[in-house]
Amino acid sequence: MRHTLEDLLTLMAVLRDREQGCPWDIKQDWDSIVPHTLEEAYEVADAIERRAFDELPGELGDLLFQVVYYAQFGAEEQRFDFHDIVDTLTAKMLRRHPHVFPDGTLASRRPTGVSADEVKTQQVNSRWEALKADERAERATQPPSVLDDVPRTLPALSRAAKLSKRAARVGFDWPNAEGVLAKIREELEEVEEALAAGDRQHAQEEVGDLLFAVTNLARTLGTDPEQCLRRTNAKFERRFRFVERALAESERPLNEASLDEMESHWQAAKAQEQH
């Protein structure tokens, strides 16, 4: 017999039980679980990028478990429970998809004969953003901004991409990739000037500006900067491990190898990948 969602919710409640639960789970709170949530989300992304679909059910389960954790905290404090999360999410998605559920109910459907391909993507996106803006305005305690609701806890590259994307939607953007490339060159020159002046603090600030500009280039090219960097991390790790293996095979300790030796093996790793 397969376990159900209700079984999972029961399991969490028992884990958190003060008398019969798990000591580790009982000690957790809203803040202590956040790092685990972020880690599990990245593990899902990693499994997808590696096409490790046999691992994905487990990784998605670990991510779902984080949601169940927060639902349990909410229930214990009589704030909300898992069913409130499901209800809020479903209602929001119904509201944001009037082109699919015209009456705002789960039972309603678009008129027969109008396919998904015929629904204009631009209109859908425009409607989606307008609805999100209305939702932000309802929750706002300060004058609304297009930058509202971009989480501060996002990885810096992801948050930079989201901030610039929001600004671009209202026209604050370069007309093409060439403009972004010019900005990258400008920021790189400012880093060089700061280093030449011996001002490390200013150089650090300019490096941040440079990274933000590069993030904008990724967005302009229609790609996710975090994903780009993850791929480069994987490539660097793969090639550096090749260097380590090559040196080990020649019985050359890594800390005794010259930069030229390591560079030679690095180029060999690159050449191997290109074949």
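Helix H1 passes helix H4 in a right-handed crossing, a crossing being right-handed if the near helix is turned clockwise from the far one by less than a right angle, and left-handed if anticlockwise. The model is predicted, so local features need pLDDT of at least 70 and side-chain atom pairs count only at pLDDT 80 or more, while totals for chains, interfaces and linings use all residues. Residues are numbered from 1 along each chain as its sequence is written, and side-chain values use heavy atoms, with hydrogens and water left out.

**Helix packing**

Two packed helices are described by the angle between their axes and the distance between the axes. Helices are DSSP runs of H or I with at least four residues, and strands are runs of E with at least two, numbered from the N terminus. Axes are lines fitted to C-alpha atoms, for helices over the stretch in contact, and angles run from 0 to 180 degrees between N-to-C directions.

| Helix pair | Residues | Angle | Axis distance |
|---|---|---|---|
| H1 and H4 | 5-15 and 56-76 | about 60° | 10 Å |
| H7 and H9 | 156-169 and 200-220 | about 65° | 9 Å |

H1 and H4 are therefore oblique to each other. Angles under 35 degrees count as roughly parallel, over 145 as roughly antiparallel, 65 to 115 as roughly perpendicular and the rest as oblique. On the H1 side, Leu 8, Leu 9, Leu 11, Met 12, Ala 13 and Leu 15 meet Leu 64, Phe 65, Val 68, Tyr 69 and Gln 72 of H4; contact means heavy atoms within 4.5 Å. The residues of this contact comprise 10 nonpolar, 1 polar and no charged. Here Ala, Val, Leu, Ile, Met, Phe, Trp, Tyr, Cys and Pro count as nonpolar, Asp, Glu, Lys and Arg as charged, and the others, Gly among them, as polar.

H7 and H9 are roughly perpendicular to each other, and their crossing is right-handed. Leu 157, Ala 160, Ala 161, Ser 164, Lys 165 and Ala 168 of H7 make the contact with Phe 212, Thr 215, Asn 216 and Arg 219 of H9. By class, 5 nonpolar, 3 polar and 2 charged residues take part.

**Loop residues with positive phi**

Most residues other than glycine have a negative phi. Arg 51, in the loop between helix H3 (30-49) and H4, has a positive phi near 55°. Arg 51 is exposed, with a relative accessible area of 54%; buried means under 20%, exposed over 50% and partly exposed in between (1.4 Å probe, protein chains only). Asp 149, in the loop between helix H6 (121-139) and H7, has a positive phi near 70° and is partly exposed at 43% relative accessible area.
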